[in-house]
Amino acid sequence: QVQLVESGGGLVQAGGSLRLSCAASGRTFSAYPMGWFRQAPGKEREFVAAIRWDGGNPYYADSVKGRFTVSRDNARNTVYLQMNGLKPADTAAYYCAAGQARPGWDTWARTRRGYDYWGQGTQVTVSS
């Protein structure tokens, strides 16, 4: 069982930056691929970014590519989402998720099917 706790959300003006953190419990964090999703009111939860267990080959949604960066620190059991150039359309609850390292995981990296554990979310609000 993995427990995930997000932090770093808040209110920011358009064009500003925030860094989200997700701390994971457990001693095998380095074996988990990690993802970030977001959900705005009345909308489906959507993929934002993901990073493999070995830190390689990050994935990004087209809407955030070039503005957001996902990274991980396996020594701290933490994954980060650096968000720059924020837009009002980025307003949502942001969720961290952990998957299981397995062959073919990359096929599911951008979908909820690629993840088994979820955090409670942190709210990001971008004002215009």
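Predicted model: local features only at pLDDT ≥ 70, side-chain atom pairs only at ≥ 80, totals over all residues.
**Figure 1. The surface and overall build of the protein.** Residues are numbered from 1 along each chain as its sequence is written, and side-chain values use heavy atoms, with hydrogens and water left out. The C-alpha trace spans about 40 × 25 × 25 Å along its principal axes. Counting elements gives one helix and eleven strands (DSSP runs numbered from the N terminus: H or I of at least four residues for helices, E of at least two for strands). Read from the N terminus, the order is β-β-β-β-β-β-β-β-β-α-β-β.

Figure 2. A nonpolar core here is a set of buried Ala, Val, Leu, Ile, Met, Phe, Trp, Tyr and Cys residues joined through side-chain atoms within 4.5 Å. Buried means under 20% relative accessible area, exposed means over 50%, and partly exposed is in between, with a 1.4 Å probe and protein chains only. Of the 128 residues in the protein, 46% are buried. The largest core has 39 residues, and the ones touching the most other members are Leu4, Met34, Trp36, Val79, Leu81, Met83 and Tyr94. Elements giving two or more residues to this core include β3 (18-24), β4 (34-39), β8 (78-83) and β9 (92-98). In soluble globular proteins, nonpolar side chains tend to be buried together.

**Figure 3. Who surrounds leucine 4?** Contact means heavy atoms within 4.5 Å. Setting aside neighbours within four places in sequence, leucine 4 has contacts that include Cys22, Met34, Cys96, Tyr117 and Trp118.

**Figure 4. Serine 21, tucked into a strand.** Serine 21 sits in strand β3. Its relative accessible area is 16%, so serine 21 is buried. Beyond the neighbours within four places in sequence, serine 21 is in contact with Val5, Glu6, Ser7, Trp36, Thr78, Val79 and Tyr80.

Figure 5. Look for alanine 101 in the loop between β9 and α1 (105-108). With a relative accessible area of 38%, alanine 101 is partly exposed. Tyrosine 32 is 69 residues away along the chain, yet the two C-alpha atoms are separated by 5.6 Å. Apart from neighbours within four places in sequence, alanine 101 is in contact with Ala31, Pro33 and Trp53.

**Figure 6. Glycine 66, out in a loop.** Glycine 66 belongs to the loop between β6 and β7. Its relative accessibility is 79%, so glycine 66 counts as exposed. From glycine 66 to tyrosine 117 it is 51 residues in sequence and 27 Å in space, C-alpha to C-alpha.

**Figure 7. Two asparagines with positive phi.** Asparagine 57 is in the loop between β5 and β6, and its phi is near 50 degrees, a positive value in a residue other than glycine. At 47% relative accessibility, asparagine 57 is partly exposed. Asparagine 77 is in the loop between β7 and β8, with phi near 55 degrees. Is asparagine 77 buried or exposed? Its relative accessibility is 18%, so asparagine 77 counts as buried.
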